[in-house]
Amino acid sequence: MGNETSQNDRIVMEARKITKIFPGTRALQEVDFSVYGGKINVLVGENGAGKSTLMKILAGIEQPTSGEIYLYNGSVTPSRVSFANTRDAARKGIGIVHQELNLFSDLTVSENIFMNKEIKRYKSLYIHHEQQNEKSKEILHKLGQDIDPNTLIRNLRLGQQQIVEIAKTMVDEPKILIMDEPTSSLSVQEVEVLFSVIQELKEEGVGIIYISHRMEEIKRIGDYITILRDSRLVETCSMNEICMNDIVRKMVGRDPQKFFSGQTHTAGEEVLSVKHMTLPRFGGGFTLDKVSFSVRKGEILGIYGLMGAGRTELLESMMGVVEKAEGEVWLEGKSLHGMQPKDRIAHGLVLIPEERQREGLFLNLAVDQNLTMACMHRYAKALKIHEKKERELVLQMIREMRIKVASPQISINALSGGNQQKVVIGKCLLTQPKVLLMDEPTRGIDVGAKSEVFEIMNTMANNKFGIVFVSSELEEILSMSDRIIVLSKGKITGEFLRSEATEEVLRRASEIGHGITAATKTTEVEKAYGN
Ligand SMILES: Nc1ncnc2c1ncn2[C@@H]1O[C@H](COP(=O)(O)OP(=O)(O)OP(=O)(O)O)[C@@H](O)[C@H]1O
Ligand SMILES: [Mg+2]
């Protein structure tokens, strides 16, 4: 669907020499950026490069320190504009889907979609709920998600919440639509639906600005590409004119390394065992159905499955954060039965959660406070906090994870999305776990940082820690795991050593129970096991 450019393509919006200075940080330096109508304009760059900041300026959320914005509005001569706020930008045709979810979890889907633009009853102050519901239904249907508009946000999966974010912008029928990492928590199928919606918008002439760290996605759908590095513009061209390696090199400023290490590790004795983990589903059936497995010291166990297979719920149940979960978790021969999450952490089990912003961070605290939050026991002596030790640990983690931050005392809010994710990972590592549970650890972080996360996983495995990691990216699972288990509808439907696993067998095992000619697939998977 991408890579279509021609001489006739028309620029609909232009940013010229945009500079943005935050206290202590120059987020953008004289960046030029053009948006073509009816095209997908991709924007890439490492975590902290300035992508979201540029988009916030184009959407009226932030004001530039200097620089100009022009809109063409169908004419050949552009007119200079400024946006007082998001509503102002929306009225001028610009919509934005944020990198972070901004939904009210205790309100319904349609209340969220119409937040601040409620449809009122004729000559009345009352909200016209029926009409809002009707319109919401229509938009959601177009987005391929027939979610009931009366559902509360907190009852939706992360991927569905992201769809609601997108629906919010569609109400205004934007001419220019900014999507800041819209696919980061969507399943493969949901991504396909989103792409077909984007295709339709493109055909209607909407100029789409698309930010993503998923390289294969960028190459596939992009018509034009702009690369930022360290707050500056490095390259802007049509997608046809540049190859993948060049994109990565221009983003990171060096030659792309090998991103997947594919190391094998020598596994020792069993460190973790999970027995009959079961989680009843609200309204009948099971989210997890007697899941049992074990992990050895020095082993990386990958868990693969489709969205809704129960992967996140499995990790959360192991951590003791899901109330209704039943089953046993043994760590180094000790049962963690009945323990609170903080006690499980003290025993050496820690989870890097999927929804990092909401679950892993205290947004009103500084970077250093967030980092040391979960490992007080390491430097708190006789109830006195050992400040020097704390400072050292924090600095070491910022260095190791290459967290881009002017000072550790800065509020976590001031960090770019990807750098916030790195803080959550750092925080978990600082607890010195024996077994690390990672839920989609590379989501939202740039190609360079991905290889750092893989490096850390390898080092931990070599140091005889156990690692369980969930990923939706087959390539990642296949290259990082020593062993892979596949979950489908809450059951283990496959287990493979790295040497036996291929994309094909994993995909098939992940579809078992989905009613897609399950019979033949089961036999084939059994064959793959050697049964
Ligand atoms: N409100 C703020 N106050 C201070 N600094 C900020 C603020 N917002 C962003 N920054 C800084 O500006 C720089 C660019 O951040 P930005 O969020 O634009 O990066 P990004 O390219 O979107 O990265 P990512 O891929 O991680 O989302 C970063 O160094 C960030 O710490
Ligand atoms: Mg960003």
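Biologist: How far does a polar side-chain atom of T53 lie from an oxygen atom of ligand 1?
Modeller: That distance is 2.6 Å for T53, in a predicted model. Residues are numbered from 1 along each chain as its sequence is written, and chains are lettered from A and ligands numbered from 1 in the order in which they are written. Local features need pLDDT of at least 70 and side-chain atom pairs count only at pLDDT 80 or more, while totals for chains, interfaces and linings use all residues, and side-chain values use heavy atoms, with hydrogens and water left out.
Biologist: Which residues are closest to ligand 1?
Modeller: Ligand 1 is surrounded by 21 residues, the closest being G48, T53, A414, S416 and G418, where a residue is near if one of its heavy atoms lies within 4 Å. An N or O atom in the K51 side chain is 2.8 Å from an oxygen atom of ligand 1, and a backbone N or O atom of G418 is 2.7 Å from an oxygen atom of this ligand.
Biologist: Switching topic, how is the protein divided into domains?
Modeller: By an automatic or database domain assignment, there are domain 1 (11-93 + 174-257), domain 2 (105-173), domain 3 (270-348 + 433-529) and domain 4 (364-432).
Biologist: What area is buried between domain 3 and domain 4?
Modeller: About 1000 Å², with carbon and sulfur atoms giving 67% of it; buried area is the accessible area (1.4 Å probe) that two parts lose on being put together, summed over both. P433, E452 and I456 supply 43% of what domain 3 buries against domain 4, more than any other three residues.
Biologist: And how many salt bridges are there between domain 3 and domain 4?
Modeller: The count there is zero, a salt bridge being a side-chain nitrogen of Lys or Arg within 4 Å of a carboxyl oxygen of Asp or Glu. The structure as a whole holds 28 salt bridges.
Biologist: What does D172 pair with?
Modeller: D172 forms a salt bridge with K117, and their closest N and O atoms are 3.1 Å apart.

Key
A polar contact is a pair of N or O atoms within 3.5 Å; within protein, one must be able to donate a hydrogen and the other to accept it, and residues adjacent in sequence count only if both atoms are side-chain atoms.
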